[in-house]
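This note records points for a colleague who wishes to read the model at the level of residues. Please keep the sequence and the coordinates open while going through the points.

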Amino acid sequence: MMRKVSHKMFDHQQLCRARTPILSAIAFTATIFFVYANGIISTIALLSSSASTNEISGELHVRITERQIMSTVIKQPLRSMQEEIKEVDRSEHQSSVIPPFSLTVEERIEWFRKKVPEFEILKSNNLTKEFLGRVLEFFNSECDVQFFMTWISPVESFGRREFLALESLFKVHPHGCLLILSRELDSIQGYRILKPLLDRKFKVAAITPDLSFLFKNTPAETWFEEIKSGNKDPGEIPLAQNLSNLIRLAVLYKFGGIYLDTDFIVLKSFADLRNAIGAQSIDVSRSWTRLNNAVLVFDMNHPLLLKFIEEFASTFDGNKWGHNGPYLVSRVVQKVAERPGYNFTILPPMAFYPVGWNRIGGFFKKPENKVESRWVNAKLLQLSGETYGIHLWNRQSSKFSIEEGSVMGRLISDHCVICEYKYSS
């Protein structure tokens, strides 16, 4: 049954009743799961080791938020570990192309055209050609919930904080599957990062994406060809960031499932969610004022995803922070609010964004007195209710250490699977 989504925030009790179990959008028929490391890590290797929001007081603060398939597959033959594991020197790899400031549009396009060959993610290679086959094989076995993340930064920057996000996901979804679309983590070094989870039989893989395949037959196909040819202005914001915004939309459109940012700590099961997006902020009348794209839950071929992709390609602006991400999903939802044919739910801020980017620091501080201890306990009690997880706003929170006894310290103690995090004093 279709539900219209209006600009008015749904009552959360109604939203809870409206949830239905998320369905895998694709029936996968591949026979063997494998992932690669800098080439490919074989099947046996892996399987064997297999804004702002309401606060406690109830006072609402509304602030300006941060600037923010299928086709026939010709499968490649499986190869041995000795043939596949090849250490590759990635020291020359650049995860983003950042043009100098103060260039005119014409100067920046000319600069970018010369730099395009250095941007690895735009290139095709043997791994990108095997992308679809590897994805089908990965999701061949039963997955309770199908998750996606992206990672376009250097592999060395995938740190303990990001690993906590993975731990929390598998703590809540031990039989879920997580596919990380990443050329950087699809390497020996990336395999070593993921190995502690694989050793505990969790289903996680990093696979080099084929962007041409992901964007093919979507409104983004022409945009991507213009980028690859160097004829499109990438803007001053790192192109990798905007590619991440687009990749998440395309992979959900073609495969269906749940996308999470790597700075999102999962607190409870997503299995009862379907076709949902979260509000980052609401006003005093409980109407949403900003949505966010850090968490997206959608079936394959959902029409709203297609609208998101269309908006990205037609209004792309690489100079405005958030224009192609959180602001984009907000614009599109507002446009389609009263149109028939869309079926999705807007969840309130407490679902995914229970704390704003400008207050996230409080979650990392240990209590210094009884009043602060009571606040930590009250906050944890609140989060145990309708919150699926916490977006950590890593651009702001990365400077904070997790102190033992803090809200974050308590949460990761309860939602880790390896539990080797060392707290700051």
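1. Basis of the note. This is a predicted model, in which local features need pLDDT of at least 70, side-chain atom pairs count only at pLDDT 80 or more, and totals for chains, interfaces and linings use all residues. Residues are numbered from 1 along each chain as its sequence is written, and side-chain values use heavy atoms, with hydrogens and water left out.

2. The chain as a whole. The protein chain contains 17 helices and nine strands; helices (H or I, at least four residues) and strands (E, at least two) are DSSP runs, numbered from the N terminus. Of its 425 residues, 56% are buried, where buried means under 20% relative accessible area, exposed over 50%, and partly exposed in between (1.4 Å probe, protein chains only).

3. Strand 2. Five of the five residues in strand 2 (residues 177-181) are buried. Cys177, Leu179 and Leu181 point one way from the strand, while Leu178 and Ile180 point the other way. In a regular strand the side chains alternate between the two faces of the sheet.

4. Neighbours of strand 2. Strand 1 (residues 146-150) pairs with strand 2 in the parallel sense over five bridges; two strands pair if DSSP finds at least two bridges between them. Threonine 150 stands opposite leucine 181 of strand 2. Helix 7 (residues 160-172) carries the chain from strand 1 to strand 2 in a right-handed β-α-β crossover. A crossover is right-handed if, with the strands pointing away from the viewer, the path from the first strand over the helix to the second runs clockwise. Strand 2 also pairs in the parallel sense with strand 3 (residues 203-207), over five bridges, and cysteine 177 stands opposite lysine 203 in strand 3. Between these two strands the chain passes through helix 8 (residues 188-199), and this β-α-β crossover is right-handed.

5. Aromatic pairs. How many aromatic pairs does the structure hold? There are 23; rings of Phe, Tyr and Trp (its six-membered ring) pair if their centres lie within 6.5 Å, and planes under 30 degrees apart count as stacked, over 60 as edge-to-face and the rest as tilted. Phenylalanine 139 and phenylalanine 148 form an edge-to-face pair, 5.6 Å centre to centre with 65° between the planes, and both are buried.

6. A pair between two loops. Phenylalanine 270 and tyrosine 388 have ring centres 5.5 Å apart and planes at 55°, so this pair is tilted. Phenylalanine 270 lies in the loop between strand 5 (264-266) and strand 6 (276-282) and tyrosine 388 in the loop between helix 15 (370-386) and strand 9 (389-391), so the pair ties together parts that are 118 residues apart in sequence. Phenylalanine 270 is buried at a relative accessible area of 0%, and tyrosine 388 is buried, with a value of 0%. Ring pairs link Phe147, Phe264, Phe270, Phe352, Tyr353, Tyr388 and Trp393 into a cluster.

7. Charges over rings. The charged end of lysine 268 sits over the ring of tyrosine 388, 4.6 Å from its centre. Lysine 203 lies over the face of phenylalanine 138, at 4.6 Å from the ring centre. The criterion is that NZ of Lys or CZ of Arg is within 6 Å of the ring centre and within 35 degrees of the ring normal.
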